[in-house]
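Biologist: Let us go through the terms you use for this fold. I want each label set against its definition.

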Amino acid sequence: MTVTGPIDATDLGFTLMHEHVLISASGLYSSYPALIGPDPEARAIATLRQAKAAGIDSMVDATTFDLGREPELLARVSAASGVHLVNVTGWWLDVPRFMWGVGVNQMAREFIRDIEQGFNGTAVRAGILKCAADFEGVTAPLETMARAVARAHVATGLPIMVHSYPTGQLARRQIAIFQEEGVDLTRVKIDHSNDTTDLEYLQWILDQGCWLGLDRYPGRLVSPTQRTNTLKALIDLGYGERLCPSHDCICLHIHNERADGTLPAHHDFALRNPDGYLYMERHVIPQLESMGVALATIRGLFVDNPRRFFSGD
Ligand SMILES: [Zn+2]
């Protein structure tokens, strides 16, 4: 299910499995649009058209409600650019007051409505589920959301992407929760897994049946070359059919005022990755080729794996 309607998984084409058109906060885009910089919709369309021209057919947009999801903006940007966008329901890391006390089944019902009927007030439907935890561990409110996402998965069959924290080996706890909830672990992708170089831990996740999102490029703390070395090592170990490289790139984000009071033309994330969604094609794929990875294997990472992840085949 894309933001403009259902497509066959075979029509996804070259797919980046963890990206963002817009990241802000719930309601911010409609209430304080000036914070996102000038002409955000036109900039998003231009950026995605450039991506489409470079061969990127589809992206998973991992922006949940708490990251400021704007479903109709995504639908317009997708239609104007020709890039298929699959949007998530579920929850990222923000914990507003209501989450202390809200019930698992209550939230599962809301997520199922996003999947089956559409995000409230729109006809745009979710195509994937997401939950998250980070360095603080799976706190009580985030466990509520993880279990609600798990129950929505069991009810609808949609796959799950998981914001994780590999430095703390957090997937061990997240997978245990999924097992208690009866989740099919072959429909789960543990994201941000290339924020570590710990192959023993990453193999443990893969051996549970899960997929790995190697979805931070160029990223921080771990160098891009180390990330690609990890990707190559996992391919060599025989796991190439369950790896999904992506950027976790953000097109539209808050433009922070400078000390002199002026506003920069680009937000901080764009300054760190001027190649945006094209970093993979410009830097990672050539490096994989130079390491001796076959073109068919590389194509598998971006075409066959996304198709199989969504179809469940
Ligand atoms: Zn992300």
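Modeller: Start at helix 1 (residues 28-31), where Tyr 29 sits. Helices (H or I, at least four residues) and strands (E, at least two) are DSSP runs, numbered from the N terminus. This is a predicted model: local features need pLDDT of at least 70, side-chain atom pairs count only at pLDDT 80 or more, and totals for chains, interfaces and linings use all residues. Residues are numbered from 1 along each chain as its sequence is written.

Biologist: Why is Tyr 29 called partly exposed?

Modeller: Tyr 29 counts as partly exposed because it has 19 C-beta neighbours inside 10 Å. Buried takes 20 or more other C-beta atoms within 10 Å, exposed takes 12 or fewer, and partly exposed lies in between; C-beta atoms are placed from the backbone.

Biologist: Which residues does Tyr 29 touch, leaving out those up to four places away in sequence?

Modeller: Leu 22, Ser 24, Ile 36, Gly 68 and Glu 70. Contact means C-beta atoms, placed from the backbone, within 7 Å. As for Ile 254, 225 residues apart from Tyr 29 along the chain, the C-alpha atoms are separated by 9.9 Å.

Biologist: What is the strand order of the open sheet?

Modeller: The 9 strands run 8-7-6-5-4-3-2-1-9, with parallel pairing. Strand 8 (243-245) and strand 9 (250-252) are at the edges; each has a single partner strand, so one side of each lacks a neighbour in the sheet. On average, neighbouring strands are turned by 30° against each other, direction ignored. The axes are lines fitted to C-alpha atoms, for helices over the stretch in contact, and angles run from 0 to 180 degrees between N-to-C directions.

Biologist: How do you know that strand 5 (residues 160-163) and strand 6 pair?

Modeller: Pairing needs at least two DSSP bridges between two strands. Strands 5 and 6 have 4, and they run parallel. Val 162 stands opposite Ile 190 in strand 6. Strand 6 also pairs in parallel with strand 7 (residues 211-214), over 2 bridges. There, Lys 189 has Trp 211 as its bridge partner.

Biologist: What makes both faces of strand 6 (residues 188-191) covered?

Modeller: Val 188 and Ile 190 are buried on one side, Lys 189 and Asp 191 on the other. In a regular strand, side chains alternate between the two faces of the sheet.

Biologist: What handedness does the unit of strand 5, helix 6 (residues 171-180) and strand 6 have?

Modeller: This β-α-β unit is right-handed. With the strands pointing away from the viewer, the path from the first strand over the helix to the second runs clockwise. Strand 6, helix 7 (residues 199-207) and strand 7 also form a right-handed β-α-β unit.

Technical notes. Two residues are in contact if their C-beta atoms, placed from the backbone, lie within 7 Å.
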